[in-house]
There are 2 protein chains.
Amino acid sequence: MHKPTIQDVARRAGVGVGTVSRVLNNHVAVRDSTRDSVLGAIAELNYTPNPHARRIAGGKSYTISVLLPVVTTEFYVRLLDGLEQAFQEARYDVAIFPLLDRSRLERYLGSHTLAYQADGLVMATYNLTQMFQSGSGIRPYSGPTVLVDAHADTVDCAYMDNLLGGRLAGEYASGLDGNLYAVWVETELDQLFTTRVFDDRRSGFLEAVQRSGGRVGGEYVSSFDSLTARTVAAQLLDEVAYPATVFASADLLAGALLDEAQARGLTVGGELKIIGFDDQPWAQGRGLTTLHQPVEAMGYEAAQLLLSRLSGEDGPPRARRFEPRLIVRASTGG
Amino acid sequence: MHKPTIQDVARRAGVGVGTVSRVLNNHVAVRDSTRDSVLGAIAELNYTPNPHARRIAGGKSYTISVLLPVVTTEFYVRLLDGLEQAFQEARYDVAIFPLLDRSRLERYLGSHTLAYQADGLVMATYNLTQMFQSGSGIRPYSGPTVLVDAHADTVDCAYMDNLLGGRLAGEYASGLDGNLYAVWVETELDQLFTTRVFDDRRSGFLEAVQRSGGRVGGEYVSSFDSLTARTVAAQLLDEVAYPATVFASADLLAGALLDEAQARGLTVGGELKIIGFDDQPWAQGRGLTTLHQPVEAMGYEAAQLLLSRLSGEDGPPRARRFEPRLIVRASTGG
DNA sequence: TTGTATGCGTTATCAA
DNA sequence: TTGATAACGCATACAA
């Protein structure tokens, strides 16, 4: 009748509850045959552990909070895939906290919320660690923390090498014929929510172009929304000297360029070449040359960094670097 | 040294743990003076209850899952404000589950996830209850469920009367001089994620106009993004016969109309009148006549419905209706 | 109105 | 490698 407990499993398997617990938590000291019979009993009873009981007994919450911008993009979906997989393997729950606004951030870290109870914190894209210093109005979070998709010296992090990404784009673009142009994403002004992602892509690109002896004929800036992107695309296509190669620092911008070029009957891949950044799902279908990022792997590794801290790992902050990869498609004539 | 427990509070206040628990849970049978001394001890020790212990002792999770589209709009921020306030008052935690994709929905309701452990479920905008029927591949969720911003007969719900909203817009628009036009939001095709919100606004509007003896000179459809909205706005302003009154069924669309009108030097409020829907924060500043929705109140009431079920309330599904309110501003000459 | 004792379902400790 | 048992922190039934 009632939900089966660890006791029921133990009785069924003819062992003690301790043994069942050991099997559950992958402890080493369990004989294979014993493990099998326990696993069998678990399956027969359709037993699932009560997470609250283990939280109280273990003295931990077995929950990880993930703070991320609420941008509903493929990027964060993939990032969560990587994070959730790793945490699930380690039997941790993941609670997602979209950073809807500042007041909500403060509430999240209030002392009796889910977020504050978490054993660890993952912060995506935004480095909010300075928020946790006293005097910021936000209650300091003292548990282990890891940054993902952002870089910092003071805390573990897994980040994408956007500098390299920009550089790869710059080197490749320099090898193509035509004048070079670029569209950047306007960097946020809010001191709380800032990211260096786009600055890095720009620095890398400019550096590589310069090193190749080339020069950038013009730079454009757009905010991260398709309407502005389309307007900027139109302006850019009006002003550039053809043949032209344009590096768009996000596929969203590259997509607007593709749209606008198509509307004008420009041949993309010929007189106009376009390089994006992100490799969004539609990029392959539309033949966009772009930079692919191992997002899931980055998320998975960030989770591993945090998990290792949770199991007592000590030492200085560690940084794990991930490399974007250039995918050449028709939009650059490839 | 260690985090204070209910024992510490009891000792400090010179009472038993039972009394402290009673104070915590707002039980009636506590003498005022006793309550005060307990409260004092709690404050002095800076005690916060261990939620996991509550959960195991109480046999409940004291957690509510909220499933919502990840549209980062003011609407959902306000909705969450209402929900979270009500649940917090009742000492329930809220876990947010953005419906990023279908596979994630299935994972959310997997039997050992946070969502499945929740005592109740709030579904915003999308009616996913049929997903919980067997055979859909999604594990049925058996706990109490409430729909918010959506209407259904089989389950408690708190919904905005979008039919009325459309009607109010229609009646008001019919009273203005000029030809009538409307822009609708393209309804989603995905069978899983459908909402009647925009259909209702349309039905109400058309009905009211017809009843006023007027007629709609033209209807336009846009998807819910500013780029498309701007394109549609341009097309509309090209084609309509002035003076014209346009009902945009979402402020996002109305904003695009304002932008495009401004770019053309059209006088909004005169030859061109615009009515929006949502009353977004910028609507007041830009003088947009629009429909304001009591979103927080709707969220709060949805939470109350769920909480009453949690405390044993029985009976047929209840529906709570909320009414949008027309706010007249300069965009219609008001 | 209050204190005490029991139980919730685990994990961890200890002895075997 | 295992089983028995003591925590874990709270809610609640029961006794006072």
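Student: Are Asp279(A) and Arg329(A) buried or exposed?

Tutor: The model is a predicted one, in which local features need pLDDT of at least 70 and side-chain atom pairs count only at pLDDT 80 or more, while totals for chains, interfaces and linings use all residues. Residues are numbered from 1 along each chain as its sequence is written, chains are lettered from A and ligands numbered from 1 in the order in which they are written, and side-chain values use heavy atoms, with hydrogens and water left out. Relative accessible area, taken with a 1.4 Å probe on protein chains only, is called buried under 20%, exposed over 50% and partly exposed in between. On that scale, both Asp279(A) and Arg329(A) are buried.

Student: How far apart in sequence are the parts that the pair Asp279(A) and Arg329(A) ties together?

Tutor: Asp279(A) and Arg329(A) form a salt bridge of 3.2 Å, N to O, the term requiring a side-chain nitrogen of Lys or Arg within 4 Å of a carboxyl oxygen of Asp or Glu. Because Asp279(A) lies in the loop between β9 (272-275) and α12 (281-285) of chain A, and Arg329(A) in the segment after β12 (325-327), the pair ties together parts whose separation in sequence is 50 residues. Helices here are DSSP runs of H or I with at least four residues and strands are runs of E with at least two, numbered from the N terminus.

Student: Which helices are linked by the salt bridge between Arg12(A) and Glu44(A)?

Tutor: The closest N and O atoms of Arg12(A) and Glu44(A) are 2.4 Å apart. The two residues are 32 apart in the chain, and they place the link between helix α1 (residues 6-13) and helix α3 (residues 32-45) of chain A.

Student: What relative accessible area does Arg286(B) have in its pair with Asp259(B)?

Tutor: The side chains of Asp259(B) and Arg286(B) form a salt bridge, with N to O at 3.0 Å. Asp259(B) sits in helix α11 (residues 251-264) of chain B and Arg286(B) in the loop between α12 (281-285) and β10 (290-292), 27 residues apart. Asp259(B) is partly exposed at 26%, and Arg286(B) is also partly exposed, its value being 36%.

Student: How many salt bridges are there over all chains?

Tutor: Some salt bridges share partners, and in this way Arg230(A), Asp238(A), Glu260(A) and Arg264(A) are joined into one network. By the rule given above, the count over all chains is 40.

Student: Which residues have the most contacts inside the largest nonpolar core?

Tutor: A nonpolar core is a set of buried Ala, Val, Leu, Ile, Met, Phe, Trp, Tyr and Cys residues joined through side-chain atoms within 4.5 Å, and the largest one has 98 residues. Contact means heavy atoms within 4.5 Å, and beyond four places in sequence one of the residues asked for touches Ile64(B), Tyr92(B), Val94(B), Val122(B), Ala303(B), Leu306(B) and Leu307(B). The residues with the most contacts inside the core are Phe87(A) and Phe87(B).

Student: Which element gives the largest share of the surface near DNA strand D?

Tutor: A residue is near a strand if one of its heavy atoms lies within 4 Å of it, and 26 residues surround DNA strand D, the closest being Thr19(A), Arg22(A), Thr34(A), Ile6(B) and Tyr47(B). Two or more residues come from each of α2 (17-24) and α4 (51-58) in chain A and α2 (17-24) and α4 (51-58) in chain B. The largest share, four residues, belongs to α4(B).
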